[in-house]
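Me: I would like to learn how to read a few features of a protein model. Could you take me through them slowly, giving the general idea before each case?

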Protein chains: 2
Amino acid sequence: MLNVGKIENGFVLDHIQAGKSMSIYRDLQLGQLDCCVAIIKNAKSNKMGKKDIIKVECPVDIVNLDILGFIDHNITINIIRNGEITEKLTLRLPKEIRNVLKCKNPRCITSIEQELDQIFMLTDPEKEVYRCRYCEEKYTL
Amino acid sequence: MLNVGKIENGFVLDHIQAGKSMSIYRDLQLGQLDCCVAIIKNAKSNKMGKKDIIKVECPVDIVNLDILGFIDHNITINIIRNGEITEKLTLRLPKEIRNVLKCKNPRCITSIEQELDQIFMLTDPEKEVYRCRYCEEKYTL
């Protein structure tokens, strides 16, 4: 395994399903950050066999991590301050998802007005249902 | 900086221009590998200010590194065996580049027959000129 060392201030996303780190990198728009980002693919894991890890050296509040609850609630988030893990965040489904999912309804206003934000709302937390804020189309993979 | 630890067997691409690691990851098709791959973006560098690094834990002969000479000849390749750097490769322009560049000539056979390999040959090493093997169109960025 490629060991990735210490962060001073930032966060670590651990227990990412193996092979999923690149799409999470895109969904969190980490490519736009100026800070140091490490992505480890196919790291050995006792629990999972293989896993991916993402480490980011930056103030945690400049990245919106809410979306991770939607992507995979098994991901572990460790917040690092002064080289120590100060917080472990648990993931829950976000109430609103902005500009990550796309509405597939061809008659939805967002299909026509391309500059509109794509917004989905959690309408049924139990069944994990998201619906487009504009046309109420249910999100399906 | 996010320190990335020891490889037992594999290779390290060091001194990648900051921000370029993702496109190199794609060009080398590292996403298809089953082995552990670490990408570090915006690592601190005395020489370059910032740099990217890619570390791959796999037999070095399963990745075609020739293309790196074309992408950026300042990249350093360290081959690691049994945890030690056993070789440093210097980069030179590859004689042939396969399926990385695309011929932009709309009348080229590769524009019509989509299943053909895209092949460019180094026709002028001094001026670093590559030409399409089929239509001899010069490659321009």
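Reply: Let us begin with burial, where a residue is called buried if its relative accessible area is under 20%, exposed if that area is over 50%, and partly exposed in between. Please keep in mind that this is a predicted model. As a case, Phe120(A) has a relative accessible area of 1%, so Phe120(A) is buried.

Me: Which aromatic pair does Phe120(A) form, and how are the two rings placed?

Reply: The general idea is that two rings pair if their centres lie within 6.5 Å, and that planes over 60 degrees apart count as edge-to-face. Phe120(A) pairs with Tyr139(A), the centres being 5.6 Å apart and the planes at 80 degrees, which is edge-to-face. Phe120(A) belongs to strand E7 of chain A, whereas Tyr139(A) lies in the segment after E8, so this pair ties together parts that are 19 residues apart in sequence.

Me: How many aromatic pairs does the structure hold over all chains?

Reply: There are six aromatic pairs over all chains. In one of them, the ring centres of Phe70(A) and Tyr130(A) are 5.0 Å apart with an angle of 85 degrees between the planes, so this pair too is edge-to-face. The pair links distant parts of the chain, since Phe70(A) sits in helix H2 and Tyr130(A) in strand E8, 60 residues apart. Phe70(A) is partly exposed at a relative accessible area of 23%, while Tyr130(A), at 2%, is buried. Together, Phe70(A), Phe120(A), Tyr130(A) and Tyr139(A) make up one aromatic cluster.

Me: How many disulfides are there over all chains?

Reply: A disulfide is a covalent bond between the sulfur atoms of two cysteines. To count as one here, the two sulfur atoms must be within 2.5 Å, and by this rule the count over all chains is zero. For Cys35(B), the nearest cysteine sulfur is that of Cys58(B), 4.0 Å away, and Cys35(B) is in no disulfide. With 16% relative accessibility, Cys35(B) counts as buried. Cys36(B) is likewise in no disulfide, its nearest cysteine sulfur being that of Cys35(B) at 7.6 Å, and Cys36(B) is buried with a relative accessible area of 6%.

Notes
Residues are numbered from 1 along each chain as its sequence is written. Chains are lettered from A and ligands numbered from 1 in the order in which they are written. This is a predicted model: local features need pLDDT of at least 70, side-chain atom pairs count only at pLDDT 80 or more; totals for chains, interfaces and linings use all residues. Side-chain values use heavy atoms; hydrogens and water are left out. Rings of Phe, Tyr and Trp (its six-membered ring) pair if their centres lie within 6.5 Å; planes under 30 degrees apart count as stacked, over 60 as edge-to-face and the rest as tilted. Helices (H or I, at least four residues) and strands (E, at least two) are DSSP runs, numbered from the N terminus. Buried means under 20% relative accessible area, exposed over 50%, partly exposed in between (1.4 Å probe, protein chains only).
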